[in-house]
Amino acid sequence: MSGWIGKLLRVNLSNGNIKEEPLNLNDAKLYLGARGLGTKIFMNEVDPKVEPLSPENKLIFLTGPLTGTLASSAGRYEVVTKAPLTGTIGASNSGGHFGPELKFAGYDGIIFEGKAERPVYLYVNNGEAELRSAEHLWGKTVFETTDELVNETNASARVACIGPAGEKGVLYATIMNDKHRAAGRSGLGAVMGSKNLKAVVVKGTGSVDVAKPKEFMAACLDARAKLKANPVTGAGLPTYGTQILVNILNQSGALPTRNWRDGGIFENAEDTSGEALSEKYLVKAKGCFACSIGCGRVTRIPDGKFKGMGEGPEYEAGWSFGADCGVRDLAAVCKANFICNEYGLDPITLGSTIACAMELYEKGIVNKEELGRDLQFGDADAVVEFTKLTAVRKGFGDKLANGSYRLAEEYGHSELSMSVKKQEMPAYDARGVQGMGLEYATSNRGGCHVRGYMTSPEILGLPQKLDPLVTDEKAQWLKIFQDLTAVVDSAGICLFTTFALGLPEIAEMIRTAVGVNYTDEEVLRIGERIWNLEKIFNLKAGFTKADDSLPPRLLNEPLPEGPGKGLVVKLDEMLTEYYKIRGWKEDGEPTEEKLSELAIV
Amino acid sequence: MGMGKVLIVSPEKCTGCRTCEMACSFSKTNSFNPQKAAVTVFQYDEAAISVPVMCMQCEEPACMKVCTVGAIYKDENGTVLVDKKKCIGCKLCISACPFGNMSFNADEKTMVKCDLCGGSPKCAELCTSGTIQFKEATPTELNKKRLVADKFMELFQEVNK
């Protein structure tokens with residue numbers, strides 16, 4: 001088989017049964033792999049109304065056909081399940097080296113079912129798999145767990161695991177692999193914890209083959225040349241990492257400040273920028289498997305109370321602890337991010353939840369006694385302290401561990417949660433980037449920036465510049481971006497490649513790898529199919545048009561300054577157009593014709 | 001042919017992406033498999049360094065010395081090569097190489113060793129960070145290559161203790 005390995009592992013944690021099964025090649029051709037095929041398998045087997053943290057929920061780790069090859073940045077795997085933070089389909093992908101190693105070990109993916117009685121981990125070694133006790137690892141951090149598992153299995157094994165946050169059911173716990181890489185959003189780590197599954201360890205010596213080696217290599221070389229020549233993927237990201245966006249978004253007046261209350265300009269943005277990070281704390285750049293970009297940051301705070309070493313922060317994590325909390329101390333921002341990686345929780349949701357608590361506190365809705373301390377905007381110490389407390393659900397951290405929506409709702413002020421479908425929106429103020437507003441509202445996993453990335457045309461001007469302040473053409477651009485992103489995620493490559501690569505380059509890598517003669521349009525159609533399938537899941541789970549919305553602040557409170565001064569998100573006009581372009585009914589449900597056109601059954 | 005050119009590695013630039021491993025295995029076997037690559041990236045998390053390691057094309061190759069059937073030889077450019085017809089797969093050269101730069105492809109029953117891709121090494125060609133370069137080496141660079149080699153010798157001895 002080419003691209004795909006052709007085999008899946010099914011692991012029943014309740015009774016310990018492990019069996020091998022063939023990959024359904026028909027479905028693989030229709031949904032590619034990773035996010036798309038994972039969702040298809042999940043929907044075949046699980047009721048969309050399932051309780052996310054119950055044994056009836058399943059957890060699928062799945063690679064794409066390009067994972068483990070020389071395709072650009074092809075190190076990714078996806079985790080698919082029903083997400084506890086949102087109740088939507090949950091799908092988060094991650095880079096590093098775990099995904100490729102899973103394929104070298106002989107499998108495209110693993111389906112976990114049920115719940116283990118005691119903590120376990122799965123060890124997959126070259127076509128053999130066994131469940132082993134993880135009692136000695138329960139309670140340990142991601143780094144400790146990874147080191148111990150490498151020691152007790154194989155020195156070059158790769159580990160995906162949860163930290164204490166996943167064990168304790170933090171609703172936005174992550175699954176971490178290679179220590180610092182995260183399947184980060186929507187709380188998939190809490191699902192893993194609810195199953196008593198501490199880790200998955202993989203090691204293999206097998207190969208990934210492609211259908212047309214010569215043509216595939218030509219496509220990869222072409223893609224790599226374009227990635228190198230592009231200013232974002234060839235210079236900006238390798239030099240400064242994703243934090244390069246801090247100053248860019250601030251200059252665009254779209255860096256949400258203090259729980260989005262104070263508009264899109266943070267007066268201390270420069271202090272938390274990628275430039276500052278490089279100058280003060282960068283040790284070196286790091287790349288995921290086969291990546292020619294290398295945006296990862298190894299960083300070290302050499303001394304002081306926030307001393308530590310780790311990776312990141314990424315732009316959105318740096319924003320959540322920085323501008324969103326009004327914090328200018330970059331060392332504190334890094335420290336909070338390190339803790340998130342070690343304990344396994346999503347820094348975007350955590351920082352945003354702390355920012356929400358800060359506003360609740362400043363408004364007098366939450367008091368000092370409950371918090372155990374002051375919590376003004378700008379308090380760097382408080383951000384680090386609450387990060388630690390939330391990771392283990394201690395003190396007020398127990399409430400923060402449920403995310404901003406449930407926190408604000410508990411105090412009768414859900415309007416202060418800057419979330420969509422209960423998941424926090426990251427780092428791009430949609431009042432100043434209108435297309436991002438439509439993206440947040442319609443994302444199938446709630447508030448999220450990587451289900452279309454309209455920032456690319458609206459702010460960075462790639463592949464062409466769109467005016468971020470107007471709504472014209474945003475719906476049609478977003479549809480294409482959403483569909484293409486679904487393709488990229490499902491193929492197993494990194495979304496960042498799309499700064500430099502378009503559909504023709506991506507489609508060529510896919511067809512020469514798997515040996516199916518898709519046209520470019522058919523490849524994009526795969527993305528549309530995936531998007532519609534996810535939408536159907538959410539509708540069956542109980543979501544309606546009313547959930548395709550934004551926090552009232554973005555719809556009613558105009559930006560106070562900057563290029564977008566006076567603007568709110570004009571969602572209604574974009575949403576109506578968007579549903580029409582999608583071929584959906586006015587209430588946002590796909591029509592029968594659309595589903596049959598996409599061969600969704 | 002790369003007369004006098006050598007592979008120069010600058011570990012401080014390496015992002016640890018292992019593109020070199022993929023490029024190598026693909027050019028040798030038409031498939032993607034780090035086990036079949038003649039280059040391996042060693043990653044030291046705590047020290048935050050990654051080092052691609054491949055055959056040093058030694059002046060006095062230990063692999064060549066131990067090869068009882070004379071399958072390992074040097075060509076006119078000083079590249080150390082394995083004659084697949086003569087090789088009997090005894091794997092003595094694997095133990096002999098002080099850097100661990102010899103391995104065995106069990107599927108094809110052949111030794112895996114860097115042959116500089118006949119003069120245009122794919123690892124250097126695809127390395128975007130500039131860590132692996134194939135060029136005419138200045139005395140300073142050659143000295144640096146030797147230092148890296150020494151460092152590795154130490155590391156491996158440490159590991160094998």
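**Figure 1. Strands β9 and β10 of chain A pair in the antiparallel sense.** This close-up of the predicted model brings together strand β9 (residues 158–161) and strand β10 (residues 175–177) of chain A, which are joined over two bridges. As a reminder, strands of a sheet pair through backbone hydrogen bonds, and the pairing can be parallel or antiparallel.

**Figure 2. Six strands of chain A form an open sheet.** Reading across the sheet, the order is β8-β7-β12-β9-β10-β11, and the pairing is mixed. Which strands stand at the edges? They are β8 (128–133) and β11 (181–183) of chain A; each has a single partner strand, so one side of each is left without a neighbour in the sheet. On average, and with direction ignored, neighbouring strands of this sheet are turned by 20 degrees against each other.

**Figure 3. Helix α4 of chain A lies across strands of chain A.** The helix covers residues 142–152, and the strands it lies across are β7 (120–125), β8, β9, β10 and β12 (197–203). Relative to β9(A), helix α4 runs at about 140 degrees.

**Figure 4. Helices α2 and α22 of chain A pack against each other.** Here α2 (residues 34–45) meets α22 (residues 520–540) at an angle of about 35 degrees, and the two axes are 10 Å apart. The crossing of α2(A) past α22(A) is left-handed. On the α2(A) side, the contact is made by A:Arg35, A:Gly36, A:Thr39, A:Lys40, A:Phe42 and A:Met43. Facing them from α22(A) are A:Ile530, A:Trp531, A:Leu533, A:Glu534, A:Ile536 and A:Phe537. Sorted by class, this contact has seven nonpolar, two polar and three charged residues.

**Figure 5. A:Pro231 has its place in helix α8 of chain A.** The helix takes in residues 231–240. Is A:Pro231 buried or exposed? Its relative accessibility is 57%, and because exposed means over 50%, A:Pro231 counts as exposed. For a sense of distance, the C-alpha atoms of A:Pro231 and A:Glu557 are separated by 35 Å, with the two residues 326 apart along the chain.

**Figure 6. Chain A as a whole gives the setting for these views, with 25 helices and 17 strands.** The C-alpha trace spans about 60 × 55 × 45 Å along its principal axes. Buried residues make up 68% of the chain. Among contacts with a separation of 6 or more, 69% come from residues 24 or more positions apart.

Terms used. Residues are numbered from 1 along each chain as its sequence is written. Chains are lettered from A and ligands numbered from 1 in the order in which they are written. This is a predicted model: local features need pLDDT of at least 70, side-chain atom pairs count only at pLDDT 80 or more; totals for chains, interfaces and linings use all residues. Side-chain values use heavy atoms; hydrogens and water are left out. Two strands pair if DSSP finds at least two bridges between them. Helices (H or I, at least four residues) and strands (E, at least two) are DSSP runs, numbered from the N terminus. Axes are lines fitted to C-alpha atoms, for helices over the stretch in contact, and angles run from 0 to 180 degrees between N-to-C directions. Contact means heavy atoms within 4.5 Å. A crossing is left-handed if the near helix is turned anticlockwise from the far one by less than a right angle, and right-handed if clockwise. Ala, Val, Leu, Ile, Met, Phe, Trp, Tyr, Cys and Pro count as nonpolar, Asp, Glu, Lys and Arg as charged, and the others, Gly among them, as polar. Buried means under 20% relative accessible area, exposed over 50%, partly exposed in between (1.4 Å probe, protein chains only).
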